[in-house]
Amino acid sequence: MPSQQQSSAADAKCPPLTSLAYIIIGTGMGMGLMINSSPVHGLLHPEEGHVPIHTLEGDTFGGYSWGVERSPFRGVGTVEGVTSSVALTERLLWMQQEQEEEEEEEKDGGGAKSVNDSCGSGDDDAAAQSILSTLPDSHPLWSHASNAIANLCVTILLLTSCQRIVLGGGVMNRSILYDRIRREVLVLLNGYLDVEELSSEEKLKSVICASSWQSLGVGSGLVGVFALALDSLEEEEAGEEKCDSALATKRERKNGIERRKVFGLGIMVGIGLSMRCILLIKIAGRGLLRRH
């Protein structure tokens, strides 16, 4: 998994990582979590995207459409419900609709339209999501995104105290989010976690960061596949070594038994020869006495 491989790829100058969260933010969200150098998997894998957050003041967005039926909190005020590309796109459409309605009301008092009416489907959704990459860094959409991700980072730090949080995925291609997230994490923590690594924005760069594979242009999914393949190969080789070791142990045990048998037989032969020698000596001694 990417989180496992990311942990292994830590800078050699730094202490080895034993805990790491690897978060992908794209159409949806996913997270791999390592604690004490082992992946966390209880009843299910971690579902960090559905953790509730403290939204920005005055935010009246009703959540993303994916969350209506089965998502916790109905997708309202959750990390994925605010910062996934689907949620960001639907918020953008909602913001544009709000603006259009205000303009219409100023002109002729036109009636309001349903938010769902503005959210397209199929090709319309794909086209709308592609617009995200064209928005300027100053667009308010990114404030909502950075706030949601910062909330998630704070939750992870408070719950797990993990040493590193790696952020990736299509949404994080908006590079200005990293500094914003670190800044907001400091504000939200309010100095509660009194450790050197969380004492400043500069120090947070080693805690909340992009994937080390990103600069190499390697996708985390591909890295994860290779990591799983490598783990599988190592497990297979370890199994073969274990079998070989068991066979070697069995041979050694058998050889040991054979050696003990030979040793025991040698002792018996030695005792027999000794008794024979003693007997011969006694017979010879009696013969000498008779002659005298």
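Author: Leaving aside residues up to four places away in sequence, Serine 71 touches His50, Tyr64 and Trp66, where contact means heavy atoms within 4.5 Å. Serine 71 is found in the loop between β3 (38–39) and α2 (79–83). With a relative accessible area of 16%, Serine 71 is buried; buried means under 20% relative accessible area, exposed over 50% and partly exposed in between, using a 1.4 Å probe and protein chains only.

The model is a predicted one, in which local features need pLDDT of at least 70 and side-chain atom pairs count only at pLDDT 80 or more, whereas totals for chains, interfaces and linings use all residues. Residues are numbered from 1 along each chain as its sequence is written, and side-chain values use heavy atoms, with hydrogens and water left out.

The protein has nine helices and five strands, which are DSSP runs numbered from the N terminus (H or I of at least four residues for helices, E of at least two for strands). Read from the N terminus, the order of elements is α-β-β-β-α-α-α-α-α-β-α-α-β-α. Of its 292 residues, 32% count as buried. Among contacts in the protein with a separation of 6 or more, 65% join residues 24 or more positions apart. The accessible surface is about 18,400 Å², and carbon and sulfur atoms hold 57% of that surface; such areas come from the Shrake-Rupley method with a 1.4 Å probe, and for residues only the protein chains shown count as cover.

The packing in question is that of helix α6 (residues 141–160) with helix α7 (residues 176–189), at an angle of about 55° and with axes 8 Å apart. Axes are lines fitted to C-alpha atoms, for helices over the stretch in contact, and angles run from 0 to 180 degrees between N-to-C directions. The helices α6 and α7 are therefore oblique to each other, given that angles under 35 degrees count as roughly parallel, over 145 as roughly antiparallel, 65 to 115 as roughly perpendicular and the rest as oblique. The crossing of α6 and α7 is right-handed, meaning that the near helix is turned clockwise from the far one by less than a right angle. The residues of this contact include Trp142, Ile149, Val154 and Leu158 of α6, together with Ile176, Arg180, Glu184 and Leu189 of α7. By type they divide into 14 nonpolar, four polar and two charged; Ala, Val, Leu, Ile, Met, Phe, Trp, Tyr, Cys and Pro count as nonpolar, Asp, Glu, Lys and Arg as charged, and the others, Gly among them, as polar.

Leucine 158, in helix α6, is partly exposed at 46% relative accessibility. Beyond residues up to four places away in sequence, leucine 158 touches Leu189, Tyr192 and Leu193. The C-alpha atoms of leucine 158 and tyrosine 192 are separated by 9.5 Å, although the two residues are 34 apart along the chain.

Serine 161, in the loop between α6 and β4, has a positive phi of about 55° although it is not a glycine, and serine 161 is exposed at 56% relative accessibility. Asparagine 190, in the loop between α7 and α8 (201–204), likewise has a positive phi of about 55° without being a glycine; its relative accessible area of 66% makes asparagine 190 exposed. Asparagine 173 lies in the loop between β4 (164–168) and α7 and counts as exposed at 61% relative accessibility. Its C-alpha atom is separated by 9.8 Å from that of isoleucine 25, 148 residues apart along the chain.
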